[in-house]
Amino acid sequence: AVLMIVAGVACLGLGNQNRPPLIIAGAVAITLGILFISPLAIRALATPGRRAPVAVRLALRDLARHQARSGAALAAISLALGITVAIIISSAADKTAANAGNLPDTQILVWTGQQDGPNGPVALLRTPAQLRVLAAAVHQIAGPLPHSKVTALDMPVNPADKPQPGGQGSQAGQPVASLGAPQNPAAGGRGGTYSTIPLYVATPAVLRYLGISPATITPAADFLTAAAGQLVITTPSTFATVTHVQRIQAPSYASQPTSLMTPGGLRRRGWTQIQSGWLVQSGKPLTAAQLAAARDVAARAGLIIEARNSQASLATISAAATAAGALLALGVLAMTVGLIRTEAAGDLRTLTAAGATSTTRRTLTAATAGALALLGALLGSATAYLALAAGHLSDLGSLSRVPVLYLAITILGVPVAATLAGWILAGRQPTSIARQMLE
């Protein structure tokens, strides 16, 4: 068991989330480790029960006596709940979790017509008169919202990147700059892959929104960003490592202005800026009716709006994984407890003949189910955390978000449910007490 678990952890650590053969080998090795360690855990379970009441002591002894069957069941329960815990933890660690995503549920991002061109993001060219008309439409969107605020957003432009003509009568677009951040900052990027971060201009309005005082910005800083790792700046004619970077504290939402180019950086590079949109902030979470009204106004004005992506929150995945893991574990428990209590029917008949009440019979089954479920939940959870820690050695901070509710349901709720079910369903007196049943 130890050799398999150590080998699995080593493979997952070396796999670094980007080497499938090592990841598969690590997962298989840890699964074998759970299979090997389950009988040992069953034997160890009988030790703390020596001073327990007779019904509990008998239940734990029967688990150890039927070690092959209960060990296999424990391994199945541990794997089911371990996979559940791994999904829950990974969902919480993912940057698209409920506290991240593209935008909070109180904001609308309004674009003047930004789109993805063949060589990166493109902002549609608008005249000052057109921008004034669009700004009026944006304020029409913000007007009905409680305590709303509107922040204009500009993006940096490299003059070497010429405007791109629009196809089929559509408006021409101007390529804008964006940042590339390594997907695994601590390891310098997974396989050299980068994720794209929108780059905005650090205008006074944007700095006020982020709560950054201009006095705290270093005069030599060209970029302000909350992203970690070595960054690159990209346009159709630019791909360069970002230097003169000042790190800032900013929200973790993907579409918000969390990476900025300073006016000094624009001057030193000889770049310009173009208005790309507005950020509309509401004092309360946006309702479906408010979003529908905003989309109607935007469509009439020729604007594009972005709101919170409902799929960005992974709470549904965590809830589904918790429910599926719990049902699978309880199903395995039902079969295992039924088999073990059937094989120990002679003990139950003897206890009943000696005057044991239905409470004793209920305690036997409840203790059997609860002990298996609790041991499986603890073993599966510990293995899941160990495997995830090995796979995130270069980014352990991503595991700092602990989904307490779902973990509590899995680790505590499943054993409690198993115990209650065993107690409720096991009060019936054996059909035969005086004779040994024939098989």
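Modeller: What follows takes a few of those terms in turn, and the model is a predicted one.

Colleague: What does the protein amount to as a whole?

Modeller: The protein has 439 residues, of which 46% count as buried, and its secondary structure comes to 12 helices and 15 strands. Of the contacts with a separation of 6 or more, 78% are between residues 24 or more positions apart. The protein exposes about 21,300 Å², and carbon and sulfur atoms supply 63% of that area.

Colleague: Why is Thr 238 called buried?

Modeller: The cut-off for buried is under 20% relative accessible area, and Thr 238 has 13%, so Thr 238 is buried. Thr 238 lies in strand β11, residues 238-241, and, leaving aside residues up to four places away in sequence, it touches Asn 158, Ile 233 and Trp 271.

Colleague: What makes the approach of the side chain of Thr 238 to that of Asn 158 a polar contact?

Modeller: The distance limit for a pair of N or O atoms is 3.5 Å, with one able to donate a hydrogen and the other to accept it. The contact between the side chains of Thr 238 and Asn 158 is at 2.9 Å, within that limit of 3.5 Å. The side chain of Thr 238 also has a polar contact of 2.9 Å with the side chain of Thr 235.

Colleague: Is Ser 381 buried or exposed, and how do you know?

Modeller: Ser 381 has a relative accessible area of 7%, and since buried means under 20%, Ser 381 is buried. Ser 381 belongs to helix α11, residues 358-391, and its side chain reaches the backbone oxygen of Ala 377 at 2.7 Å. Not counting residues up to four places away in sequence, Ser 381 touches Val 85 and Ile 411. Ser 381 and Ala 86 are 295 residues apart in sequence, yet their C-alpha atoms are 7.8 Å apart in space.

Colleague: How do you know that the span of helix α5 is close to what is expected?

Modeller: The expected span is 1.5 Å times one less than the number of residues. Helix α5, residues 128-142, has 15 residues, for which 21 Å is expected, and from first C-alpha to last it reaches 21 Å.

Colleague: What puts the buried residues of α5 on the same side?

Modeller: The buried residues of α5 are Leu 131, Leu 134, Ala 135, Ala 137, Val 138, Ile 141 and Ala 142. They cover an arc of only 160° around the axis, and therefore lie on the same side of α5. An α-helix has 3.6 residues a turn, so residues three or four places apart point the same way. The face turned away from the buried side of α5 carries the exposed residues Arg 132 and Val 133. Among the elements covering the buried residues of α5 are β1, β4, β14, α8 and β15.

Colleague: Why are β4 and β14 called paired?

Modeller: Pairing requires at least two bridges, and nine join β4 to β14, so these antiparallel strands count as paired. Val 150 has Val 280 in β14 as its bridge partner. Five bridges join β1 to β14, also antiparallel, and there Trp 111 has Gly 277 as its partner.

Colleague: What makes β8 and β12 edge strands?

Modeller: In the open sheet of four strands, the order is β8-β13-β9-β12, with mixed pairing. Strands β8 and β12 each pair on one side only, and this makes them the edge strands. Within that order, β9 and β13 pair in the antiparallel sense over three bridges, with Phe 223 opposite Met 261 in β13.

How values were computed:
Residues are numbered from 1 along each chain as its sequence is written. This is a predicted model: local features need pLDDT of at least 70, side-chain atom pairs count only at pLDDT 80 or more; totals for chains, interfaces and linings use all residues. Side-chain values use heavy atoms; hydrogens and water are left out. Buried means under 20% relative accessible area, exposed over 50%, partly exposed in between (1.4 Å probe, protein chains only). The arc is that of the directions from the helix axis to the C-beta atoms. Contact means heavy atoms within 4.5 Å. Accessible areas come from the Shrake-Rupley method with a 1.4 Å probe; for residues, only the protein chains shown count as cover.
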